[in-house]
Amino acid sequence: MRGCQNGADHGLLSISGAIALFALAAQALAQDAPALSGAARTAAQARGAAERLASVADREFVDCKDCPAMVALPSGTFWMGSPPTEADRIDDEIQHRVRISVPFAIGKTEVTFDQWDACAEADYCRPIPSANQGDREWGRGSRPAIEVSWNDITGADGKTRGFLAWLKAKTAASYRLPTEAEWEYAARGNPRGSPDEPAFYFGPDKGELCRHEHAFVCIQGDAKTAPVGQYPANPFGLHDMLGNVAEWVQDCYASYDDARGNRPARLTKSCSRVVRGGSWAYYLWFSRAAVRDRDEPQNRNDHRGFRVARDL
Ligand SMILES: [Ca+2]
């Protein structure tokens, strides 16, 4: 596949034996923890916990004040894309096997207004205005930051240094956007995936969506973002992966047609960037884990944000 890097490689590996391990892994990973409980834990400790498939409480850490809470994910293998039999499938979701070679960490939630505003206060991020073209007067605080472009996050257009540079300056850690493969691995929540993986981490039944995610079909006229982390976590301990706001990832959009071998990310200067996950504004089918969207890196809207990733 085009557009993967940092430990994500692709091949046709056997999955024999993996299913037997999954029951144990899922049991361990499903243990949730209160937000920010990992504040005193180091990334190295969290990485060790991920390799042991330990509980979310042991895999969570925070690098600094105002930094996003991070969860270390174990290495593993999954099937990216969707099977031909999946309802509402789009033809760019060509299914292929992906191996996440080493543990990495990803945000427990989407980045919040509190975190973005701290970055803006430090003069690294573009201040997000209030009302139109900004917070829509829905509130800030723990709601996900919206009206942020891919360029605002990465600083790629040179107008600001960006959110990632702010985190790197505060922590010296290698913060980045997740790759598209890492994002889908995180959204599926299963380190031992299979070709018949369901459309949602909670199973194949889209009627269950409203118990797990903040999606348009569920919000009955209250059409706006929700504070992050209000819905249950997925088996990896992550919230709002398939709803609330859609999320920028690192990659340029490209076909999965050549999904073979160990490919670096496609990071050319000018390309459409991939956006993943459903949102408060999207139809139900858009909350499937395999759905791919894209937009130009300078664009912003009120139903898109992001979460960060970090090497360990
Ligand atoms: Ca989301």
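Over which residues does the pLDDT stay under 50, and how many contacts beyond four places in sequence does the model have for them? In this predicted model, local features need pLDDT of at least 70 and side-chain atom pairs count only at pLDDT 80 or more, whereas totals for chains, interfaces and linings use all residues. Residues are numbered from 1 along each chain as its sequence is written. The stretch in question is residues 1-36, with 94 such contacts (two residues are in contact if their C-beta atoms, placed from the backbone, lie within 7 Å). The pLDDT, the predictor's confidence in each residue from 0 to 100, is also below 50 over residues 260-264, a stretch with nine contacts beyond near neighbours in sequence. Where pLDDT is low, the predicted coordinates should not be read in detail. For the chain, the mean pLDDT is 86, and 84% of residues reach 70 or more.

A residue is buried if 20 or more other C-beta atoms lie within 10 Å of its own. Beyond four places in sequence, the contacts of Leu73 include Ala105, Ile106 and Ala186.

Phe163 is buried in helix α6 (residues 163-171), as are Leu164, Trp166 and Leu167. Seen down the axis of α6, the buried residues fall within an arc of 160° and therefore line one face of the helix, the arc being that of the directions from the helix axis to the C-beta atoms. These buried residues pack against α4 (113-121), α5 (150-154) and β7 (175-176).

Note on methods:
Buried ≥ 20, exposed ≤ 12 C-beta atoms within 10 Å, placed from the backbone. Helix = DSSP H or I, 4+ residues; strand = E, 2+ residues; numbered from the N terminus.
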